[in-house]
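Here are my notes on this one, as numbered points. Have the sequence and the structure open while you read.

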Amino acid sequence: MPIPRKKALTVSHFSITLSLFLAFFISSTSASTNEVSALISWLHSSNSPPPSVFSGWNPSDSDPCQWPYITCSSSDNKLVTEINVVSVQLALPFPPNISSFTSLQKLVISNTNLTGAISSEIGDCSELIVIDLSSNSLVGEIPSSLGKLKNLQELCLNSNGLTGKIPPELGDCVSLKNLEIFDNYLSENLPLELGKISTLESIRAGGNSELSGKFPEEIGNCRNLKVLGLAATKISGSLPVSLGQLSKLQSLSVYSTMLSGEIPKELGNCSELINLFLYDNDLSGTLPKELGKLQNLEKMLLWQNNLHGPIPEEIGFMKSLNAIDLSMNYFSGTIPKSFGNLSNLQELMLSSNNITGSIPSILSNCTKLVQFQIDANQISGLIPPEIGLLKELNIFLGWQNKLEGNIPDELAGCQNLQALDLSQNYLTGSLPAGLFQLRNLTKLLLISNAISGVIPLEIGNCTSLVRLRLVNNRITGEIPKGIGFLQNLSFLDLSENNLSGPVPLEISNCRQLQMLNLSNNTLQGYLPLSLSSLTKLQVLDVSSNDLTGKIPDSLGHLISLNRLILSKNSFNGEIPSSLGHCTNLQLLDLSSNNISGTIPEELFDIQDLDIALNLSWNSLDGFIPERISALNRLSVLDISHNMLSGDLSALSGLENLVSLNISHNRFSGYLPDSKVFRQLIGAEMEGNNGLCSKGFRSCFVSNSSQLTTQRGVHSHRLRIAIGLLISVTAVLALVDDGDFARSSNTIAGSYGYIAPEYGYSMKITEKSDVYSYGVVVLEVLTGKQPIDPTIPDGLHIVDWVKKIRDIQVIDQGLQARPESEVEEMMQTLGVALLCINPIPEDRPTMKAVAAMLSEICQEREESMKVDGCSGSCNNGRERGKDDSTSSVMQQTAKYLRSSSTSFSASSLLYSSSSSATSNVRPNLK
C-alpha cells in the first residue's frame, strides 16, 4: 500500500518540524524572559530609585528589545546584543547576572558611577566585541576570565579604582585592538603576554602609579601598535630597542616614570611617529641623530632628563615639528642653525642646559614660533635683530645667560609678544621705546642688567602691561607720568636704579597694583596722598630714597597691605595712628627716618603683624604701650636707637619673638625674666641708662658685657633663621611666582627667591616654596641678599654658597661666636642646602624642615636649661647635644642620600652639592 505509507511519512516529517520550532520558540522566549529578569534585577539592585530615563523598562514585557539603551539581534530570537548606557548617573553595582546575556556583543556602561567589582562571569559572554566600563567607581581586580573572549576588540576600563595586577591572560584576547586601563591603581608588571596580540593598536596603561617593572621587550612584536602610553607609572629600565619595529606607531607617551638608559636610535625607524613624550625621566646619553628621520614627528618633549652632548643638526630636518622641549638637561654646544628650517615650529624650549654660542639669526625663518625659551644657559653675544620678524611670538625667555649689547629696537616687530624676560644678562644701552608700543605685552622683566638711560615716555601706550620689573639696572631720570595709563599693571618694581624726581601722582591711577617697589633710588619729595586709592596694594616699598615730609594718614586706607617698608628716608612727624587700620600687615618697617612722638597704640590692633616691626633709628619717645602684648605672633621687633623710656614689662608677653633689639634708648629697671630676654646678647640691650639684669648687684650704663645675661649666648642671627618657621607661610606668600610660569597676578615677592623649575615648567608645588624658604635662610645666615653686589662674579647666593662650600659663607660677624653656636649655624645651613636642591622631588617637605630646625632649636633650649652647671651636668649636656645632632643628621641624610655618619659642616656642604647627590642623579638640575 504505497500511498498510505507516503502519508505517514509526511505526517511524521511535519510532527518533527513542528516540535523543533516549538522547542526553539520556547527556548528563545525563555532566554528573552531571562534577560528581562536580569536587567530589571540589576536596575533595582540599589536602595535608590532608578533614574526616570529607565521608566520604559517594563518587567512585564516579553523581551527588552524596545527599551532605551538596549539593542537586540535582528533575527527572530530577539536576544540582547548591546547594552549602551553613557553619562547617566546609575549608582548601581556591576550587573550581577551578566552571563545571562549569551549574545551580548557590546557592553558600554561609561561615566555612570558604576560600583563594585567586575564579575568573573563576564568571561562567559563569548560574543563580546566591545567592553567599555570607563569613568566609573569600579574596584577590585581585572578578571582573568577576560582572556576567554576571543572576539574582544575593545577593552576600556580606564578611570576607575581597579587594583591588583594586569592579568597575563589578556594576552589570549587574540582579536584585541584597544586596551585602555589608564588612571586606576593597578600594580606589578606590564604582562609580557601582551606581546602576543598582533592586532593591538593601542595600549594605554598610564596613571597607575604602582605599575612597575621593566619595559617589556615583547611590546615590539605588536606590529600594528599606534599608541603606547605608560606615563605616570614606575616603569623602569631602558626603552627597548624592539620599539624600532613599530613602524605604525604614532604616539609614544612614557613620561614621569623611572626610565633610564639611552634613547634607542632605532626609534628613528618609527616613521609614522607624531608624538614623542619622554619627559621627566632619568634618560641619559646623547640625543640620537637618527631621530632626524622622523618626518611626521610634531611634538618632541624630552625635558627633565640627563641627556647631554650637542643637539644634533639632524633635528632641524624634521619638517613637521611644531614643539621641541629639551629643557632641564645637560645639552651643550650651540643651538643648531638647522632649526631655521623648521617652518612649522611653534614652541622651542631649551631652558636650563649648558648651551653656549649665540642665538642664530636664521631662527627668524620659524615664522610660526610662539614660544622661545632659552633661559638658564650660557648663551652669549647679541640678540639678533631678526627676532623681530617673528610676528607670532608670544613668549621670549632669555634670562640668566650672557647676552650682551643693546636690546634691539626690532623686537618691537613682535606684534603678539606677551612676555619678555631678559633678566640676569649683560645687556646695556637704553630701553627701546618701541617695546612700549606692543599692545599685547603683559610682562616685561629686565632684572639685573646694565641698562641705562631713561624710562621712555611711550610706556603709557603699553596698556596691557601687568608686570614691569626693571630691578638692578642703571636707569636714570624720572618715573614718567604716563605710567598712570597702565590700568592693568599689578606688579611694578623699579628698585635699585638711579631714578630721581618725585613719585608721580599718576601712579595712583594704576588701580590694579598689588606690588609697588621703588626702593634704592634717589627719589625726592613727598609720598603722594593719592596712593590711598590703590586699594589692592599688598606690598609698598619705597625704602632707601630721599623722600621727606610726613607719612600720609591716608595710607591707613590700604587695607590689603601686608608689607609696608618706608625705611632709610627722611620722613618726619609722628607715626600715623591710621596705620592700625591696615589689619593685614605682616611687616612694618619705618626705621632710619626722622620720626618723632610716641608709638601709637593703634599699631597693636594689627594682629597679623607676625614677621617684623622695625621702628629703629628714629626719635621716638615715651613708654612702650602695654597693648604691645597683643602682637603675640610677632617674630622680629627692633625699637633700638630711639629715646624710649620706662621699663620693659610690656614686652615680656611677646613669646613668639625670635629677635629683639632695644639698644640705645632710655629704658630702666630690671629685664623681665622671660624666654626672649634670657636669649638676648649685650649688643641688643646696650646703651640704656639704668637697665639692669637680675642677679647683678648694680646697674650698668653702657658696659654691654655686663648687661649680657648668663643664658643669652646664642646667635641672634641663627635665632632668626630658626624662628622664621613661625612666619614661613607669610614669607612664602611673598615669593615670586616665576612671572611667566603662570597667569596669576597674585603678589609673591622677589626675583631672587624663584625656584629653578619655574623657568621651564608651569608646575607650582610645595617644593617650589621650600626652595624659596631655603634662600631666605641662606640670606639670614650669610648676611647677603639673593642677588648681592658683594658676591663675586655676579653669582646668585645659592650658587655662591655651593661654590665656597665651607664656613666662610657664614656672616663674618657670626664666625667669631663660640664653637657650639657655629655648629648650630652650620646645621641650619645644612637644612637650607636641602631646601635649595635643584631637583624638586629631592627637597624635603616643609614639615620635615620644621622637624629638623625644631631639633636644632630644642638643642639650644636644652643647652640654656643646663647652662651654669659643671662636672657631670656638663657631661650630660654634651651627650644631649650629640644625640640631637645625630637625630638631625638622620633627617637630612634621607634627602642627601649620603653615607655620612656625622652632621658636620663639611659633610653637609660637600655632600649636598657633590658626592651625596651624584650617586643617585649625577649633575641633575
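1. Start with the contacts. Among those between residues at least 6 apart in sequence, 52% join residues at least 24 apart; contact here means heavy atoms within 4.5 Å. Keep in mind that this is a predicted model, where local features need pLDDT of at least 70 and side-chain atom pairs count only at pLDDT 80 or more, while totals for chains, interfaces and linings use all residues. Residues are numbered from 1 along each chain as its sequence is written, and side-chain values use heavy atoms, with hydrogens and water left out.

2. On to the chain as a whole. Of its 925 residues, 54% are buried, meaning under 20% relative accessible area, against over 50% for exposed and in between for partly exposed (1.4 Å probe, protein chains only). The accessible surface is about 36800 Å², and carbon and sulfur atoms account for 50% of that; the areas come from the Shrake-Rupley method with a 1.4 Å probe, and for residues only the protein chains shown count as cover.

3. You'll find 13 helices and 47 strands in the chain. Both are DSSP runs numbered from the N terminus: H or I over at least four residues for helices, E over at least two for strands.

4. Have a look at the open sheet of 8 strands, ordered β31-β33-β35-β37-β39-β41-β43-β45 with parallel pairing. Its edges are β31 (500-501) and β45 (666-667), each with a single partner strand, so one side of each has no neighbour in the sheet. Two strands count as paired if DSSP finds at least two bridges between them. Strand β43 (residues 643-646) runs parallel to β45 and is joined to it by 2 bridges; G646 has F667 of β45 as its bridge partner.

5. There is also an open sheet of 3 strands, β6-β8-β10, again with parallel pairing. Here β6 (163-165) and β10 (210-212) are the edge strands with a single partner each, so one side of each is left without a neighbour in the sheet. Strand β8 (residues 185-189) pairs with β10 over 3 bridges, in the parallel sense, and S187 has E210 of β10 as its bridge partner.

6. Which residues of helix α7 (residues 797-804) are buried? They are I797, V798, W800 and V801. Seen down the axis of α7, these fall within an arc of 165°, so they line one face of the helix; the arc is that of the directions from the helix axis to the C-beta atoms. Their cover includes α6 (766-782) and α9 (819-835).
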